[in-house]
Amino acid sequence: MIVVTTPTGQIGSQVLGTLLESGEPVRVIARDPARLPDHVRERVEVVKGSHSDPDVIDEAFTNADAVFWLVAADPRAESLEAAFVDFTRPACEAFKKQGVARVVGVSALGRGVAKNAGHVSASLAMDDLIAGTGVSYRALTMPTFMDNLLWQAESIANDGVFFAPISGDRKAPLCATRDIAAAAARLLRDPSWHGVADVPVLGPEDLSQNDLAEIMSEVLGRPVRYQRVPLDAVRAAQLERGWSEAMAQGMADMMAAKEAGLDNVEPRTPEATTPTTFRQWCEEVLKPSREW
């Protein structure tokens, strides 16, 4: 039995789909089971509630062999520790109590080098908490997601511009959520691994923001340019969206760490290199997402 958290989320839904295609028995934790497609709900066990709730977690992890763990951090959380570490504490108790063998989690690059890196530092602290339970754990460690650009699709379509607080010519890895989900599903289905380790998911190439603009322009058939914005503007924008002070500052601190090279510290290896190119992602995900 494999338990999937965030089964309707961007990554969790793809993990769930892959597991079902391979015929695995799956149990999901869902706040709103109605958001699951009918054909999915018919094939999985559903535990209703939040995966921060001890009673929900206890029920979901009973007789489970493996768990896909993803914290969709609450933007209104009072602190980064509350959003990542405290949220995960009930699960860690349940891993031990229910004898879960393996956990695959979504985390970030930066172990050993991240200092005051906001959401990244909090995610790495979450990994340490899980690893401390004695469960076999694989933390998928990622740079920025290609799919994050979908949040700016309206600006790209209407104004031909996208924004970030990163130097336009700084090259860094970026990955597609489909490749994260594929890595997670592969590990969840494999009972042979043990211990604790990071599994980097780096995409196939390092690209700058200006590179992204050029590729999007070619795929969409219209000019797209990149505009750098100050970190203070990022923080202010999150506050306007209702984020807490701590979570907005954590985002700014994370982006500052990325500008300082956080995502470039992991050496690129064949094992860490995943297949989806940014051009392919633009053609298959971004372009079909709306009318251009």
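How far is the sulfur of cysteine 175 from the closest cysteine sulfur, and in which residue does that sulfur lie? The sulfur of cysteine 175 is 14 Å from the closest one, which belongs to cysteine 282, and this is too far for a bond. The model is a predicted one, in which local features need pLDDT of at least 70 and side-chain atom pairs count only at pLDDT 80 or more, while totals for chains, interfaces and linings use all residues. Residues are numbered from 1 along each chain as its sequence is written, and side-chain values use heavy atoms, with hydrogens and water left out.

**Cysteines**

- The structure holds 0 disulfides, a disulfide being a pair of cysteine sulfur atoms within 2.5 Å.
- Cysteine 282 is in no disulfide, and its nearest cysteine sulfur is that of cysteine 175, 14 Å away.
- Cysteine 175 is buried, with a relative accessible area of 0%, and cysteine 282 is buried with a value of 0%; buried means under 20% relative accessible area, exposed over 50%, and partly exposed in between, with a 1.4 Å probe and protein chains only.

**An open sheet**

- An open sheet of 3 strands has the order S7-S9-S11 with mixed pairing, where strands (E, at least two residues) and helices (H or I, at least four) are DSSP runs numbered from the N terminus, and two strands pair if DSSP finds at least two bridges between them.
- Its edge strands are S7 (144-145) and S11 (206-207), each of which pairs on one side only.
- S7 and S9 (residues 172-175) run parallel and are joined by 2 bridges, and threonine 144 has leucine 174 in S9 as its bridge partner.

**A helix pair**

- The axes of helix H9 (residues 231-240) and helix H10 (residues 245-259) come within 9 Å and cross at roughly 150 degrees; axes are lines fitted to C-alpha atoms, for helices over the stretch in contact, and angles run from 0 to 180 degrees between N-to-C directions.
- H9 and H10 are therefore roughly antiparallel to each other, since angles over 145 degrees count as roughly antiparallel, under 35 as roughly parallel, 65 to 115 as roughly perpendicular and the rest as oblique.
- Residues of H9 that meet H10 include Leu231, Val234 and Leu239, and among those they meet in H10 are Ala248, Met251 and Met255, contact meaning heavy atoms within 4.5 Å.

**Glycine 221**

- Glycine 221 lies in the loop between helix H8 (209-220) and strand S12 (225-228), and this glycine is exposed, with a relative accessible area of 66%.
- Glycine 221 and histidine 39 are 182 residues apart in sequence and 36 Å apart in space, C-alpha to C-alpha.
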